Amino acid sequence: MKEWLQKQIDTGFNDLKGLSISAHVPVQDQVINELLAQALTGLSSPAAPSVSKAPDLRSLVQFVKKAEVHAKDGALVIDVDISV
Amino acid sequence: MNTVLQGLLSRNLADLNGTYVTGSLPVPEKVLNDIANAKIAERPGRIKQFAIQVGADNYVQLGIRVSVGPFTKWFRPEVIVTTETPVILFTIASPEYAGLMWLAELFARELLPSGVRIDGRQITLDLREVPQVAPYRRALSYLKTLRVSTRPGTLMVGFEFRID
């Protein structure tokens, strides 16, 4: 499956043309604080050698058609549209 | 698993209340065949090859080459794919294959995760019972709609996920 995903990334997700996802995600401030705490813990720890062979997902960014963030009632609301 | 994600799941995703995700995913039969054939390459057994063809009106022909004694033989049952969220149903449409449900049992035993049930001419895949989905089982209760439709050559999967 990992090889298949890597192949899709390498070919610009050619096999999945037509895929579309639309997400509206309100993230409570508690979750943001937990993410910050985890990020800071990671930054203050000595870097471990990377052994992960997970596919590089950076090329997915080209398929993000809309990404908006706004604050509302103690939550950060993220709106994302993705299409291939 | 990431500790933040673990925390979110342990609170039953309540911190993400109001989340709404919809999507549609066209899966060409080439992708289905690539995945299915890669799976049998990983775990060689009696199933030697897949040649899946997607037709219209939720009809899918499952071409399966199976070793029978010293030979191999192609079986090509047609199934109708439907959903009852979060269950995917495959109903054998070819009457001549109704007596060959051992093929489905072989398929399930060799390749499919637990969560697959065979009952008469119907094979059901309950996503809640798939071991790989276990950590996210409670999150599946927010999967409000899972749709499968077909057009020649492509399986279309649609979903709606809502936390409320």
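Predicted model: local features only at pLDDT ≥ 70, side-chain atom pairs only at ≥ 80, totals over all residues.
Which residues does B:Asn37 touch, not counting residues up to four places away in sequence?

View 1. Leaving aside residues up to four places away in sequence, B:Asn37 touches B:Gln49 and B:Phe50. Between B:Asn37 and B:Phe50 the C-alpha to C-alpha separation is 6.0 Å in space, although the two residues stand 13 residues apart in sequence. B:Asn37 has 16 other C-beta atoms within 10 Å and is therefore partly exposed, since this class lies between the limit of 12 or fewer for exposed residues and that of 20 or more for buried ones.

**View 2. The side of chain B that touches chain A.** In this contact, 19 residues come from chain A and 22 residues from chain B. On the side of chain B that touches chain A, at least two residues each are supplied by helix H1 (3-10), strand E1 (20-28) and helix H2 (29-42) of chain B, and E1(B) gives the most, with eight residues. Sorted by class, this side of chain B holds eleven nonpolar, eight polar and three charged residues.

**View 3. The pairing of strand E1 of chain A with E1(B).** Strand E1 of chain A, which spans residues 20-28, runs antiparallel to E1(B), and five bridges join the two strands. One of the residues shown is A:Ala23, whose bridge partner in E1(B) is B:Val21. The strand of chain B seen here, E1(B), is also the element that gives the most residues to the side of chain B that touches chain A.

Conventions
Residues numbered from 1 in each chain as written. Chains lettered and ligands numbered in written order. Contact = placed C-beta atoms within 7 Å. Helix = DSSP H or I, 4+ residues; strand = E, 2+ residues; numbered from the N terminus. Nonpolar A, V, L, I, M, F, W, Y, C, P; charged D, E, K, R; others polar. Pairing = 2+ DSSP bridges.
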